[in-house]
Amino acid sequence: MTVFLGLGIAGVVLLVLSLVLDGVLEGLFDGAGVLDGLFDGLLSLPVVAGFVSMLGFGGAIVLGTTNLGAGPATLAGTCAGAGAGWLTLRLTRALMRDQSAPTPRGTDLVGTAGSVVTAIPADGYGEVLLRLGGQPVKYAARSSAAVARGTEVWVDASLSPTSVTVRPVER
């Protein structure tokens with residue numbers, strides 16, 4: 001039973017190290033070139049750690065609760081370890097596939113409405129308040145005609161990441 005508990009504890013320690021060091025151990029093996037690609041996917045460090053820990057703890061549980069010998073305990077631990085390894089693999093693949101929405105860009109502002117915060121002179125810049133990704137953002141703004149403060153405007157073009165060309169909304 002001591003061997004099984006040792007395997008279980010070693011698997012948990014390996015799992016904690018793989019989480020704390022965040023890929024450093026896998027990077028060490030990749031840098032050595034000896035095990036090139038071995039830890040990708042099925043044999044990644046979290047999967048191996050899950051398998052070893054469940055092999056140990058599953059074998060210890062079977063050995064401690066039944067009168068069966070080490071052979072059936074090893075078989076039961078291997079089955080439990082394979083299940084834990086498979087679940088770990090599926091979970092890590094699902095997490096790696098998780099994608100967020102693309103980052104909003106200044107060109108996404110074209111066609112949106114906003115309001116003038118600082119009056120826009122005909123020959124210079126003023127400021128407008130627009131919504132980008134649901135958040136209010138203040139931009140420098142130019143217009144072909146002077147626009148008073150508080151006027152609702154429409155974005156015609158994005159000049160740079162921080163400035164736009166606007167025109168007043170006509171109703």
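1. A definition comes first. A helix axis here is a line fitted to C-alpha atoms over the stretch in contact, and the angle between two axes runs from 0 to 180 degrees between N-to-C directions. Keep this in mind for point 3. The model is predicted.

2. Start with the overall layout. The chain holds 4 helices and 5 strands. Read from the N terminus, the order is α-α-α-α-β-β-β-β-β. The chain has 171 residues, and 25% of them count as buried.

3. How do α1 and α3 cross? Helix α3 covers residues 45-65, and α1 covers residues 2-21. Their axes come within 7 Å and cross at roughly 155°. Angles over 145 degrees count as roughly antiparallel, so α1 is roughly antiparallel to α3. The crossing of the two helices is left-handed.

4. V12 has a relative accessible area of 39%, so V12 is partly exposed.

5. Now the charged pairs. Side chains of opposite charge can pair when their charged atoms come close. How many salt bridges does the structure hold? The count is 2.

6. K138 sits in strand β3, residues 135-142, and E127 in strand β2, residues 126-132. The pair therefore ties together parts that are 11 residues apart in sequence. Is E127 buried, exposed or partly exposed? Its relative accessibility is 29%, so E127 counts as partly exposed.

7. Another salt bridge is formed by the side chains of R167 and D156, at 3.0 Å from N to O. This pair links distant parts of the chain, with R167 in strand β5 and D156 in strand β4. Strand β5 spans residues 163-168, and strand β4 spans residues 152-160. The two partners are 11 residues apart. R167 counts as partly exposed because its relative accessibility is 41%. D156 is also partly exposed, at 35%.

Notes:
Residues numbered from 1 in each chain as written. Predicted model: local features only at pLDDT ≥ 70, side-chain atom pairs only at ≥ 80, totals over all residues. Heavy atoms only, no water. Buried < 20%, exposed > 50% of the residue type's maximum accessible area, 1.4 Å probe, protein only. Parallel < 35°, antiparallel > 145°, perpendicular 65-115°, else oblique. Left-handed = near helix turned anticlockwise from the far one by under 90°. Salt bridge = Lys/Arg side-chain N within 4 Å of Asp/Glu carboxyl O.
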